Amino acid sequence: MLTLNFTKFPVLKTERLILREHDLDDAEALFALRTNETVMKYIDRERPKDIFEIKDFISRFRNGYENGDNLAWVIALKETPDKMIGSVGYWRTDFANHRAEIGYMLHPDYWRQGIISEALKRSIDFGFNEVNLHTISANINVENDASRQMLIKHGFVKEAHFKQDYYFRGQFLDSEIYGLLNPNH
Ligand SMILES: CC(C)(COP(=O)(O)OP(=O)(O)OC[C@H]1O[C@@H](n2cnc3c(N)ncnc32)[C@H](O)[C@@H]1OP(=O)(O)O)[C@@H](O)C(=O)NCCC(=O)NCCS
């Protein structure tokens with residue numbers, strides 16, 4: 001059986017980035033990201049109402065890690081590790097099937113600099129080599145071509161297109177599911 005239990009939070013580094021645990025001090029940056037309509041355009045989730053809701057969200061990430069339910073990293077540049085610019089993480093872990101869903105977002109000031117690509121590569125390597133996931137999935141809004149291209153670039157293939165399976169703000173939306181197999185299995 002797969003587990004997400006580590007003796008300490010797995011901080012990851014890449015050439016330019018540090019991927020670290022969420023902290024309550026990230027609340028303002030995370031609130032800014034999750035209320036930014038450019039970022040949230042294709043993320044069909046209610047926006048946080050206030051900073052208290054975001055702090056609760058961060059506490060749930062931290063508890064999720066403590067309980068071994070999920071693993072979410074803050075993305076920061078190495079030279080400014082306290083300044084959150086984005087996030088990447090595994091959310092819906094399906095332990096029995098060694099499968100988890102990856103998600104990511106980045107502040108628009110940093111788009112098209114290869115940052116999510118760098119973070120995604122590192123977190124996929126971690127998911128396959130350290131967590132021993134068998135498959136990684138991603139669920140996108142069908143209009144989100146930037147995310148689709150990102151997934152394809154990293155070797156994901158389209159596994160499904162669900163018709164109107166997701167209800168958000170009065171509409172039933174389609175979803176596209178992408179998947180990546182652990183190349184070492
Ligand atoms: C999608 C998103 C994460 C891309 O992050 P990014 O750091 O700008 O992406 P990168 O610079 O690493 O780009 C990697 C690849 O993704 C694809 N890509 C990224 N942005 C794209 C865009 N606007 N249009 C088309 N393809 C795009 C390209 O294939 C790109 O490779 P290339 O530069 O060689 O062409 C960012 O736009 C974002 O945060 N969007 C809002 C949140 C979101 O939609 N998250 C995904 C939810 S499923």
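Author: Ala, Val, Leu, Ile, Met, Phe, Trp, Tyr, Cys and Pro count as nonpolar, Asp, Glu, Lys and Arg as charged, and the others, Gly among them, as polar. By this division the shell around the ligand holds 11 nonpolar, seven polar and two charged residues. The model is predicted, so local features need pLDDT of at least 70 and side-chain atom pairs pLDDT 80 or more, whereas totals for chains, interfaces and linings use all residues. Residues are numbered from 1 along each chain as its sequence is written, and side-chain values use heavy atoms, without hydrogens and water.

Reader: Which residues come nearest to the ligand?

Author: A residue is near if one of its heavy atoms lies within 4 Å of the molecule. Of the 20 residues around the ligand, Y104, R112, G114, N144 and K153 come nearest.

Reader: Which polar backbone atoms lie 2.9 Å and 3.0 Å from a ligand oxygen?

Author: A polar contact is a pair of N or O atoms within 3.5 Å. A polar backbone atom of L106 is 2.9 Å from an oxygen atom of the ligand, and one of S117 is 3.0 Å from a ligand oxygen. For R112, a backbone N or O atom lies 2.8 Å from an oxygen atom of the ligand.

Reader: How many aromatic pairs are there?

Author: A pair of aromatic rings is described by the distance of the centres and the angle of the planes. Rings of Phe, Tyr and Trp (its six-membered ring) pair if their centres lie within 6.5 Å; planes under 30 degrees apart count as stacked, over 60 as edge-to-face and the rest as tilted. The count comes to seven. Among them, W73 and F126 are edge-to-face, at 5.7 Å centre to centre and 90° between the planes.

How values were computed:
A polar contact is a pair of N or O atoms within 3.5 Å; within protein, one must be able to donate a hydrogen and the other to accept it, and residues adjacent in sequence count only if both atoms are side-chain atoms.
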